[in-house]
Amino acid sequence: MRGRAAPLPATGDGTAHQQRAAASLRALLDDGQIPGAIRSSLAADFARLEAMLAKLERGELHIAVFGRVSVGKSALANALLGEDAFEVGVLHGTTRQAAQRRWREVAGSGVHLIDTPGIDELDGEARERMAFEVAGVADLVVFVVDGDLTQHEYAALQTLARTQRPLLLALNKADRYGEDEVAALLARLRERSTGLVQDLDVVAIAAQPVPVKRVHLDAQGHEQVELVARMPAIEALSARLGAIIEREGKTLAALNAGLFAGRVADEVGARIAQARRELAARVIRQYCLAKALAVALNPIPVADLLAAGALDAALVMHLGRVYGLPLTRSEAGSLITVISAQLVALMGAIWGVNLVASALKGLSAGVSVLVTAGAQGALAWYATELVGRAAEKYLVAGKSWGELGPKRVVADIVASLDRDSILREARSEILTRLRGAA
């Protein structure tokens, strides 16, 4: 079958779908583990979640009417409603904000129509953005055109298709074309919308047909011409909407709510991950500095390396708390052992220099101590950076090295860090601190 997706199966589970979707939205809204700062930064999305939850609980289904200016969106909405609820005009920008009206009750769902601003106005970027936002959270979208798809319309249709909701393509003003022309235009629209809209959902309508001229004789026998309005011809679209709503309306509402909740949850997860990465970077830097100074200031050869090991364990345990995966002291020790073994295999020469520097520091005096301590502290800083980054990778993967294993993970971290840059920064910071303490 051609088209974006097959219809949802006809089942009696629509209400159950809505209940599950509502429970999912409620769980996300009530999640106490979402940091307040992230919730505030996504305030608009959480407000929309609350509105969608309320819509689900009221059993509503929302249909957005979408398209360029002057294609007849408002006229179509009025024709479906059977009343002039939405403003209609030929001026660009007649519909300046989304408007909503209750349409009818179908299969236990209160169906609402939403008229959206046109998407191609000059100086109308905000209104175009609003139109996409409304269509993106509607349960079903009617995309109105009045001829072959323009490039702008085709791009908009592709964008809407990515929101994963049903699309109907309505060729409006069909009364202005001959029958053969209408058939050719429908064929062209179906061809161009392949993969985006099902063939069955591409229909011809006349929401506000051009009045017909009628000539009659007045009492004096003079010919008079009057314009007689014609009834809208929207039967094909109305019937198709009714069939979709009857068959899968509740499921569509549940699916739309679930999709939106999923996008919000993904965004929340991404922001939490980013916040954790930023906090982890600050924690690692703090421990790098603490370890470097501990190594540089400890006058007892080799004992400084033991102190450094204790700081590494504290760092790993701290990172575990940052990522919500607390580590026991034993787990932290085992993790450092694994990381250190890989670092020694990769960088044995660096650890050799570190041990030599530790011994030299106990035999030196004056300026030489300061220089040697700075060099050794810089190496300790760099080593802690590597340990911290490796432990972070392990924690992000859920206390796992993944398929690559610790050797590859540690090697990738070593390769990704600019050692010389880190050593220069560390040495500069350490010497500044040591001179300030002298």
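## Strand S4 and its neighbours

Strand S4 pairs with strand S5 (residues 167-171) in the parallel sense, over five bridges. Strands and helices here are DSSP runs, numbered from the N terminus (strands E, at least two residues; helices H or I, at least four). Two strands pair if DSSP finds at least two bridges between them. Val142 has Leu168 as its bridge partner in S5. S4 also pairs with strand S1 (residues 60-67), again in the parallel sense and over five bridges. There, Phe143 of S4 is the bridge partner of Phe66.

S4, helix H6 (residues 151-161) and S5 form a right-handed β-α-β unit. Right-handed means that, with the strands pointing away from the viewer, the path from the first strand over the helix to the second runs clockwise.

## About the model

This is a predicted model: local features need pLDDT of at least 70, side-chain atom pairs count only at pLDDT 80 or more, and totals for chains, interfaces and linings use all residues. Residues are numbered from 1 along each chain as its sequence is written, and side-chain values use heavy atoms, with hydrogens and water left out.

## Burial of S4

S4 covers residues 140-145, and six of the six are buried, so the strand is largely enclosed by the rest of the structure. Buried means under 20% relative accessible area, exposed over 50%, and partly exposed in between (1.4 Å probe, protein chains only). Both faces are covered. One side carries Leu140, Val142 and Val144; the other carries Val141, Phe143 and Val145.

## Salt bridges

The structure holds 18 salt bridges. Each is a side-chain nitrogen of Lys or Arg within 4 Å of a carboxyl oxygen of Asp or Glu. One network of salt bridges links Arg68, Asp146, Glu153 and Lys173.

Glu57 and Arg26 meet through their side chains at 2.7 Å, N to O. The pair links distant parts of the chain: Glu57 sits in helix H3 (residues 43-58) and Arg26 in helix H1 (residues 14-29), 31 residues apart. Glu57 is exposed at 52% relative accessible area. Arg26 is partly exposed at 35%.

## Longer links

Asp175 and Arg230 form a salt bridge at 3.2 Å, N to O. Asp175 lies in the loop between S5 and helix H7 (179-192), and Arg230 in the loop between strand S8 (223-228) and helix H8 (235-297), so the pair ties together parts 55 residues apart in sequence.

Arg285 forms a salt bridge with Glu425, with the closest N and O atoms 2.4 Å apart. Arg285 is in helix H8 and Glu425 in helix H13 (residues 419-437), 140 residues apart.
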